[in-house]
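Please consult the sequence and the coordinates while reading.

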Amino acid sequence: MTIVGTPTDLAAGYAECARLTRAYGTTYFWGAVLLPKSQRRHVHAVYALCRLADDIVDAEGATRFAPAETRQALAAFRAGFARALAGDPPDATMAAIAHTVAECDIETECFDRFFDAMAMDLDIAGYDTWEDLCGYMEGSAAVIGEMMLPVLQPLTPAAREPARALGLAFQLTNFLRDVGEDLGRGRVYLPREDLDRFGATPWPGTVDDAWRNLMAFEIARNRELYAEAHAGVAMLPPRSARCVATALKLYAQILDRIEARDYDVFSDRARVPTWSKAVTAASIMVAGPPRVA
């Protein structure tokens with residue numbers, strides 16, 4: 001893989017990746033703070049690629065009113081990434097992303113799975129079963145754990161499955177937090193079998209007992225994924241372990257916030273304050289990765 005990009009271009013590209021991460025992926029940003037700068041920029045680059053692609057399919061009206069244009073935009077972005085990997089990046093940001101892929105030796109097949117999953121959002125508005133949803137998350141979430149793993153330099157190949165579990169845990173948390181926003185895009189990322197089991201529906205945007213029971217079930221499932229992911233923390237070098245433990249703890253706190261809001265994910269987004277993220281990162285930097293029961 002030949003990467004074309006002057007030091008000036010790469011510096012500008014990595015700066016933009018860092019800006020995107022700080023603006024939109026604060027959990028990734030605060031976790032990456034604990035890494036050496038040489039690794040931190042690679043976390044930013046992987047996040048930026050995923051963010052930019054996700055923004056295309058999540059743009060207002062992208063799938064409900066302009067699916068053809070959205071499909072073309074996603075295909076063009078994917079082609080720009082392929083050009084960058086071939087040594088002809090379309091801009092400085094893509095040059096930095098391609099540089100990260102090459103320097104960290106991230107399997108390019110991971111990105112094929114990712115882009116294929118992004119395209120699924122243009123055709124599929126819901127999933128019948130948990131297994132069906134996991135089929136989507138294989139490419140939209142689990143694979144991101146695989147992309148990040150070479151950046152974190154694991155001590156053993158056994159870290160792969162916990163990394164995938166963390167990707168799944170992060171995305172399920174996003175789905176639970178963003179139910180209201182996703183409805184506006186015409187999508188429901190809660191399995192229909194679960195909705196039917198509890199007699200719940202997100203469409204009225206009403207929190208009733210059926211909705212509370214459904215959300216309690218999904219949050220318990222989510223916490224099981226975090227527990228699986230935590231097993232991989234010990235498989236990483238110390239600074240990478242602190243990075244992952246911070247991101248894990250911060251994202252898991254979103255579930256606590258959803259519970260504290262009585263499972264209301266319609267009226268506003270459950271958030272972990274920036275000051276809390278900073279305190280968590282600082283405490284883990286000093287004390288080391290926390291134990292998760």
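Y263 has a relative accessibility of 15% and therefore counts as buried, where buried means under 20% relative accessible area, exposed over 50% and partly exposed in between, with a 1.4 Å probe and protein chains only. The model is predicted, so that local features need pLDDT of at least 70 and side-chain atom pairs count only at pLDDT 80 or more, while totals for chains, interfaces and linings use all residues. Residues are numbered from 1 along each chain as its sequence is written, and side-chain values use heavy atoms, with hydrogens and water left out.

Y263 is placed in the loop between α12 and α13; helices here are DSSP runs of H or I with at least four residues, strands are runs of E with at least two, and both are numbered from the N terminus. Its phi is near 65 degrees, a positive value in a residue other than glycine. D262 is found in the loop between α12 and α13 (274–287), and the phi of D262, near 60 degrees, is likewise positive in a non-glycine residue. At 35% relative accessibility, D262 counts as partly exposed.

Helix α12 holds S240, a buried residue with a relative accessible area of 2%. Leaving aside residues up to four places away in sequence, S240 touches L35, Q39 and L152, contact meaning heavy atoms within 4.5 Å.

A cavity is a set of points, on a 1 Å grid over the protein atoms alone, where a 1.4 Å probe fits but cannot get out; lining residues have an atom within 4 Å of a point. Grid points are joined across faces, edges and corners, and a volume is the space filled by probe spheres set on the points. Two cavities of 30 Å³ or more are counted.

The largest cavity contains about 290 Å³ of space. Its lining comprises 20 residues, with M148, L152, L166, F170 and V244 nearest the centre. Two or more lining residues come from each of α7 (130–152), α8 (160–177) and α12 (238–260). By class, this lining has 17 nonpolar, three polar and no charged residues, where Ala, Val, Leu, Ile, Met, Phe, Trp, Tyr, Cys and Pro count as nonpolar, Asp, Glu, Lys and Arg as charged, and the others, Gly among them, as polar.

The second largest cavity holds about 40 Å³. F175, V179, D182, L183, R187, V188, Y189 and L190 line this second cavity, and helix α9 (residues 179–184) supplies the largest share, three residues. Six of the lining residues are nonpolar, none is polar and two are charged.

Notes
On a 1 Å grid over the protein atoms alone, a cavity is a set of points where a 1.4 Å probe fits but cannot get out, and a pocket is an open set with protein on both sides within 12 Å along at least five of seven lines; lining residues have an atom within 4 Å of a point.
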